[in-house]
Amino acid sequence: MRNSFSNLPLTGVKVVDFGQYIAGPAVAMLLGDLGATVVHIDPPNGPMWDSPANATLNRNKVIVNLDLKSEEGLEQARALCAEADIIVENFRPGKIAKLGFDFAAMRQERPELITISVPGFASNDTERRELRAYESIVAASSGVFTDMGLNRVLMGLNPSFSPLPLASAYASQIAASATVLALQSRQVTGLGDQIEVPLAAAVMEGLCYNSIKVDGMPERYLTQREVEIERRRVEGLPMNVSYEDLQELMDPFFRSYMCKDGRMFYVVCPSHKNHARRCLEVLGIYDELVEDGLTSEENTYKPWSEWEHETSLGVYPMPKDWADKISERMKEVFMTRTSHEWKKMFGRGLIPGAPQRWLQEWIHDEYAETSGLMIDVHDPVYGDMTQPGPVVWMEESGEEALQPVPRRWVNFDEALKILKKHRTEIPEPSEETAQDGWLTGVRVLDLCNVIAGPHSASYLARFGAEVIKLEPAEPMYDSWNTVIYGMSQMRGKRSILADITSRHGRQVFEDLVKSVDVIVWNAPDNQIKKMGLDADNLRKLNPDALFCKLDCFSGVRRGTRTDYIGYDDLVQATTGIMLRFGGAMDRPEEHAHVGTIDVMCGFGGALGVAAALYQKYRFGRIGRGRTSLSSNSGLLQVPFAFDFKGRGLFDEPSGPEASGYDALARFYSTASRHILLSAYEADLPLFRNVEGLEELPDLPEDDRAAYLANAFLTQPATEWVEALQAADIGAVVCENLDALRARNLRDADGTPGTDNGSYSFSNYPDHPSGHEVIQLDPYAVRSARGKVTAVTPAEKFGTSTRAVLKDLGYAETAIEAMIKSGNLSESWSEEYLPS
């Protein structure tokens, strides 16, 4: 284990990790990477999931094998827990208590204890809590496989399988951030907490941008693909669009292009005021298209009917005639250079774009290695092993985070000795330090855009933080990006609009920086320095302020792509996610959930903020938290993001035809809907208890799929699922988001939805937008002590400009003059959602 003189923020924090599979161990891994001392408990015969990924998940941990069904093993585990600050587990609800660990009773005895449970389904979900909640079971139950995006709908591929452990990845980031938020609160109050983060609720939070429903969405925001889906449904036509034809329904600035070297290059630059123009300029076709009639609307926030032209560069989506014309020229030009040449030209030109790569290539990518996004660890089982680097780190201790201690097996006595080495130092609880939420009294300035950064700050608001969102006086992104995404990530915030490069705007910006505890920004280092928020200059403005940075490509160390700008989709392209989903270089597909990595990175940003706050309260150090989309991609691909001598093929399920892992773990059609079967070889005897499937255990392995496929067609999905679950076999109906939303809907009542089981949506008939809006509740984190609030609906951008200025002490006459100058603004548009 690391020594006690470490500069890592969680140094001295003691964790006992009962976790198995991915989610629980990943929570403890994130804590260990930040410096916590972790003892991992495995059964006598080793982990329940035998995978090389355990080498990553259990780094920075010592492992002790205990039999929790024996009195001796139980007493030893209790002795370890008695030394712990944090206990992590991810069994079915109630199982850890049945094993002899009653968290509520333990916290009565030790109020400073923090426990974190990460079950598959919520403990207050009586319908599902006892299910065998494997990763794919949670995904199928939560609409993941049936809402794989517009492409798969048009191609008639529904459900679609993906091996990415979305639920575990989201849940581990949410749970780790919640745990450290509780930890920093403990440094103020002296009190711990009992926390639950169900995988199902976590993956729903990851899909919150997919599950929102806005009544009367204006036509201008509908993509060609959405229009085509609606046309086919109205006319009763089949969803059978080929991959090739589908590409012609894509926006020219949001698709892949073949290059001279036979590699596809992904362009993601719609919606920004300058990116699309820069893209066409680098390609050398901007002037030609302008001569052809391509226009740029000065103010795209006006109603569409008032535009001078039909379309504009910098908006999404583009109408089909212009989309086709631009795409044709872009296809021709991309073929004149290699993907490597385009990568450098786009990166240096501040244009989001990246070549498609396989995961195996990314693991050995020179930039990934030099930046610390992939690191080498000498594992005692696999030898020299390449693993994902730290997901979240602090700028001042990042180098230390790049040197994790390999997992190590020890006996009970040594494990106990390791924990006893550290002394927990916390204040005595008192009435004066009581808090409602973990972040009550903390002020946050959010300078971010798009999804990851803003989502991070919105997540902090549910725990009591006061969040002020600062945006430019004139928008840089079109309303498809700002307002529609903002309905989710602007919740719980006050909005002020100011041009921070202008005289008045700069003054307001500096006054805000001086007034807050935390600043969150997703910008490259050069922009951060230019605005005076690098460590040295921020110290002059506000010596106590913490800074958290999120970006696209960075790791602990700087490298050639550190300052390249980009979005979620580009990391999917760079790290192999799109090629795995599409299955081949000539047919990459976006892993279609909006914000697949973005939202997870947002929770990572919150973990960075929490670690910085804990470090400040515990050690008096002012730090700078960091995470990136690229670092989070390592966690999202943790089951297969590693390499070592003798590793097997990179053969995880891929491509549009993938239906699962094998005959026992895949989709099957029934007499009604699709079901997801999730069973292991050890479960085969259980099938003798299922009428109609009794012969399965006796069949050769190659005959199982055909036998099950024919059998399942004889009855409806619900009957099969009921019979399989009764035999304790993992199986669920493949749900979709529309159905989940309809069945778990309530009128917004000012509560966060944490009492509503694994799924909870609220209807806002009087949403500030003027539209009726249904949104997922902020409900994944359930805590016994720290209050979780129902964040307010997103206000219109600029609504709080005057109120924030008044809070800063500006007189009404000064406010009026600043708004009149154009340096500050109260609105971007007449309508909340421009029509």
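Modeller: The dialogue below goes from the whole chain to single residues.

Modeller: This is a predicted model, in which local features need pLDDT of at least 70 and side-chain atom pairs count only at pLDDT 80 or more, while totals for chains, interfaces and linings use all residues. Residues are numbered from 1 along each chain as its sequence is written, and side-chain values use heavy atoms, with hydrogens and water left out.

Colleague: How many helices and strands does the protein chain have?

Modeller: Helices (H or I, at least four residues) and strands (E, at least two) are DSSP runs, numbered from the N terminus. The protein chain has 34 helices and 30 strands.

Colleague: What radius of gyration does the protein chain have, and what would a compact globule have?

Modeller: The radius of gyration is taken over C-alpha atoms, and the globule rule is 2.2 Å times the number of residues to the power 0.38. For 835 residues the rule gives a value near 28 Å, and the 26 Å of the protein chain agrees with a compact globule. Along the principal axes, the C-alpha atoms fill a box of roughly 80 × 65 × 50 Å.

Colleague: What share of the residues counts as buried?

Modeller: Buried means under 20% relative accessible area, exposed over 50%, and partly exposed in between (1.4 Å probe, protein chains only). Of the 835 residues of the protein chain, 63% are buried.

Colleague: Which residues does Leu 181 touch?

Modeller: A contact means heavy atoms within 4.5 Å. Leu 181 belongs to helix H8 (residues 166-189) and is buried, with 0% relative accessibility. Leaving aside residues up to four places away in sequence, its contacts include Trp 438, Tyr 459 and Phe 463. Leu 181 and Tyr 614 are 433 residues apart in sequence, yet their C-alpha atoms are 7.9 Å apart in space. In the protein chain, 76% of the contacts between residues at least 6 apart in sequence join residues at least 24 apart.

Colleague: How should I read a salt bridge?

Modeller: Side chains of opposite charge can pair when their charged atoms come close. A salt bridge is a side-chain nitrogen of Lys or Arg within 4 Å of a carboxyl oxygen of Asp or Glu. The structure holds 59 salt bridges. In one of them, the side chains of Asp 17 and Lys 61 meet at 2.9 Å, N to O. Asp 17 is in strand S1 (residues 14-17) and Lys 61 in strand S3 (residues 61-65), 44 residues apart. Both Asp 17 and Lys 61 are buried.

Colleague: Which parts of the chain does the pair of Arg 626 and Glu 395 tie together?

Modeller: These two side chains form a salt bridge at 3.2 Å, N to O. Arg 626 lies in strand S20 (residues 624-628) and Glu 395 in the loop between strand S13 (392-394) and helix H19 (398-401), so the pair joins parts 231 residues apart in sequence. Arg 626 is buried at 7% relative accessibility, whereas Glu 395 is partly exposed at 35%.

Colleague: What deserves attention in the backbone?

Modeller: Most residues other than glycine have a negative phi, and most peptide bonds are trans. Here, the peptide bond from Asn 158 to Pro 159 is cis, with omega near 10 degrees, and the bond from Tyr 316 to Pro 317 is cis, with omega near -5 degrees.

Colleague: Where does Asn 60 lie, and is this residue buried or exposed?

Modeller: Asn 60 is in the loop between helix H2 (53-57) and S3. Asn 60 is buried, at 3% relative accessibility, and has a positive phi of about 60 degrees although it is not a glycine.
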